[in-house]
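Good morning, and thank you for the time on the agenda.

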Amino acid sequence: MSIQRTPQSWGRFPRVKPNAVLPVYWRHEVPQLDTLEKSILPYAYGRSYGDSCLNEGGISLDVSNLRHFISFDEEQGLLRCEAGVSLAEVLELAVPRGWFLPVTPGTKFVSVGGAIANDVHGKNHHKGGTFGCHVTQFELLRSDGTRLICSLDQNSELFQATIGGLGLTGVILWAEFRLKRIHNPYIQMDSIRFSSLDEYRQLAEESDKDFEYTVSWVVCLGNDKELGRGLFSRGNHDTTQSMPSNTQGKHLPLAVPFDFPSITLNRLTIRAFNLAYYNKQREKYVHKLTHYDPFFYPLDAIHAWNRMYGKRGFFQYQFVIPFEGGYEAMKEIMQEINRSGEGSFLTVLKSFGDVRSPGMLSFPRPGLTLALDFANHGTHTLRLLDRLDAMVNAAGGLIYPAKDARMHPEDFQRYFPRWKEFEQYMDPQFSSSFWRRVTQPAAQ
């Protein structure tokens, strides 16, 4: 089904309109792109938070209809599918056959093409790297009609530019990637309360050795005692039982039916949520067997949860800072957020490993990464984010483009010094609101 609405990002900011939405139904029958008079950008499900999936005044090329599986080698775990296939659909196919995604972000409602274009990461970066590390090849359609098979051995420069290339090198028609062998759909997980960033550090260093998946929820709004405490989750795929007949998790029919008033998420309500969430686990340590769905995708159980932030939307802000000096810098950043009163409803802290991505503009690198959600309160929120930018920069860190809606061009160009090299591999007819924002001012 083609998109019947104006494409928007998950953060719902900025709100921009393309000149047209052009659906693609068959990978062998793509419209002649070089006849279009406006710039082009592929769009599937709009789960990027900022404007990297938006193309104001241009053509939004709807590829969400490219949802066919092409081949699956069940012995090797090698899957080939069209770029509009969602990670949810991959899981539905693969899990009953004893395979799982090699890397997954916090939602399964993203396309395979989007996972490549944003080179997504997950809870196992320290073990598995990014999604792009597991891509073996894909077919890339350029606006002049050329179709190229890209891999590390064939058209390798375009392969590296497309992974993490934000959809700017052409249209990915299909992709092939390796899955991970599993015994069943369950995760053996631990949930551990920690009282400070120092305790988180100890848990992370211990857990990264023996656990494939690690992540934590952390408090960055409250008094000195509350700040920096949280719940640390770690897990491995269960190996104690064989594949059950029913491998799908329980889907809760929850939804946010309307936009919440803008005052709903404020310092008081966010602090109350933080207190309740932290205290939901009374014990220091809890071990349990859980289905993969609530472990990896807790927010997917709530349809349209972005409406909680109201019509003005929200800013997702994710950064990574090096381990050296990183914990001291993280404490200062959390203190700055706390002083601002701009509480983050969901704050996720994780450690990245040193697995390198083939992507030219890939975001993850060794260090601490923090992802925050800030309701859009206009100038006050933007000023806070500018102050956080300065602190991230001082710590030698960088910001994630796929979740950005307001990064300054000088920062982007410093974070990704290969951006000029990348431009050589961009399709000349492709562009995005994000790319124009972070590159054009410097060229004037």
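**Strand pairing, helix packing and backbone details**

Strand S17 (residues 314–321) and strand S19 (residues 367–375) run antiparallel and are joined by eight bridges. Within this pair, Val 320 has Thr 369 of S19 as its bridge partner. Two strands are said to pair if DSSP finds at least two bridges between them.

A word on provenance: this is a predicted model, in which local features need pLDDT of at least 70 and side-chain atom pairs count only at pLDDT 80 or more, while totals for chains, interfaces and linings use all residues. Residues are numbered from 1 along each chain as its sequence is written, and side-chain values use heavy atoms, with hydrogens and water left out.

Let me turn to the whole sheet. It is open and has eight strands in the order S15-S11-S13-S12-S18-S19-S17-S20, with antiparallel pairing. Strand S15 (285–291) and strand S20 (398–399) stand at the edges with a single partner strand each, so one side of each has no neighbour in the sheet.

What joins S12 to strand S13? Six bridges do, and S12 (residues 213–218) runs antiparallel to S13 (residues 230–237). Tyr 213 has Gly 235 as its bridge partner in S13. S12 also pairs with strand S18 (residues 347–352), again antiparallel, over two bridges, and there Trp 217 is partnered by Val 348.

In a regular strand, side chains alternate between the two faces of the sheet. In S12 both faces are covered: Tyr 213, Val 215 and Trp 217 are buried on one side, and Thr 214, Ser 216 and Val 218 are buried on the other. Buried means under 20% relative accessible area, exposed means over 50%, and partly exposed lies in between, using a 1.4 Å probe and protein chains only.

Next, the helices. Helix H6 (residues 267–279) lies across strand S11 (186–194), S12 and S13, at about 135 degrees to S12. H8 packs on the sheet as well, touching S12, S17, S18 and S19, and its direction makes about 10 degrees with that of S19. Axes are lines fitted to C-alpha atoms, for helices over the stretch in contact, and angles run from 0 to 180 degrees between N-to-C directions. Contact means heavy atoms within 4.5 Å.

How do H5 and H8 meet, and at what angle do they cross? The axes of helix H5 (residues 197–210) and helix H8 (residues 326–340) come within 11 Å and cross at roughly 135 degrees. H5 and H8 are therefore oblique to each other; angles under 35 degrees count as roughly parallel, over 145 as roughly antiparallel, 65 to 115 as roughly perpendicular and the rest as oblique. The residues in contact are Leu 197, Asp 198, Tyr 200 and Arg 201 of H5, with Tyr 327, Met 330, Lys 331 and Met 334 of H8.

Finally, the backbone. Phe 13 and Pro 14 are joined by a cis peptide bond, with omega about -5 degrees, and Pro 14 is in the segment before strand S1 (20–23). Asp 119, a residue other than glycine, has a positive phi near 40 degrees. Asp 119 sits in the loop between helix H2 (112–117) and helix H3 (125–128) and counts as buried, at 0% relative accessibility.

Technical notes: Helices (H or I, at least four residues) and strands (E, at least two) are DSSP runs, numbered from the N terminus.
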